[in-house]
Amino acid sequence: MNDIRVFIRRIANENYSLNIKYHDNKTSYIYKLHNNKKLIFIDDNDNLTLNYNNQIYDNDLDISLVIFDIFNYKTIEYIDIYLQKKIKDFNNTYPLNEIIIDDIYNDIYDDETMILTCIRNINNFIKIKLIVDRDNNLSLLINLETITGFDEIIKKIDEIITIDYLNLTS
């Protein structure tokens, strides 16, 4: 929960209020954001849940994506978590075609060009490169194709994980 609190403090620019309550060995963190959105986190030291718009999120990936969406945090971190969630959902649906990201932290930063290259190998079938340039623009390179723009990258990840992967493994 501490990471989430630090993230919200950093990204919300003090446009929120926080109320912390303790009850029955649980801690509730109630965030009221400047746009009247309310985030309720319940931390019982073993599990963390988020109640947002009367929907309960109970795993780290979903909680992170909800927070990123609320704060419009469209970064490489979002894409990595989105990719992990898509793979988790795929594996739950198609357990015989399990997908594994071989190395989620295969990142190279070039100090001279100020470009971050993130390489994601999926079961040694699919290799994608995510590029973040000095202006924080995102690009995805797969095969001979270059996809730019956050929404287009998300769509391509959906395509890669479902259609492309099933075709490669069938």
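This is a predicted model: local features need pLDDT of at least 70, side-chain atom pairs count only at pLDDT 80 or more; totals for chains, interfaces and linings use all residues.
## Overall fold

Residues are numbered from 1 along each chain as its sequence is written, and side-chain values use heavy atoms, with hydrogens and water left out.

Along its principal axes, the C-alpha trace spans about 55 × 45 × 25 Å. Two residues are in contact when heavy atoms lie within 4.5 Å, and of the contacts between residues at least 6 apart in sequence, 31% join residues at least 24 apart.

## Surface and charge

The accessible surface of the protein comes to about 10600 Å², and 44% of this belongs to carbon and sulfur atoms; such areas come from the Shrake-Rupley method with a 1.4 Å probe. Of the 170 residues, 40% are buried, where buried means under 20% relative accessible area, exposed means over 50%, and partly exposed lies in between (1.4 Å probe, protein chains only).

There are 18 positive and 28 negative side chains, and the centres of the two sets lie 7 Å apart. In this count Lys and Arg are positive and Asp and Glu are negative, while His and the chain ends are not counted; the place of a charge is taken as NZ of Lys, CZ of Arg, CG of Asp or CD of Glu.

## The nonpolar core

A nonpolar core is a set of buried Ala, Val, Leu, Ile, Met, Phe, Trp, Tyr and Cys residues joined through side-chain atoms within 4.5 Å. The largest one in this protein has 50 residues, and those with the most contacts inside it are I8, L39, F41 and I161. Helix α3 (residues 76–93) supplies the largest share of this core, namely 8 residues.

Leaving out residues up to four places away in sequence, F41 touches a list of residues that includes M1, I4, I8, Y29, L48, I63 and I67.

## Helix α2

Helix α2 (residues 60–70) is mostly covered, since 8 of its 11 residues are buried: these are L61, D62, I63, L65, V66, I67, F68 and I70. They pack against α1 (2–11), β2 (26–33), β3 (38–43), β4 (48–52), β5 (55–57) and α3.

At the N-terminal end, α2 is capped by N59, a side-chain oxygen of which lies 3.1 Å from the backbone nitrogen of L61. After α2 comes N72, whose phi is positive, near 55°.

T117 lies in strand β7 (residues 115–122) and is classed as buried because its relative accessible area is 17%. If residues up to four places away in sequence are not counted, T117 touches N106, D107, I108, K129, L130 and I131. N91, which lies in helix α3, also counts as buried because its relative accessibility is 16%; leaving aside neighbours within four places in sequence, N91 is in contact with N97, E98 and I99.

D135, by contrast, is found in the loop between β8 (126–132) and β9 (138–142), and D135 counts as exposed because its relative accessibility is 57%. D135 and D151 are 16 residues apart along the chain, and their C-alpha atoms are separated by 17 Å.

Methods
Helices (H or I, at least four residues) and strands (E, at least two) are DSSP runs, numbered from the N terminus. A polar contact is a pair of N or O atoms within 3.5 Å; within protein, one must be able to donate a hydrogen and the other to accept it, and residues adjacent in sequence count only if both atoms are side-chain atoms.
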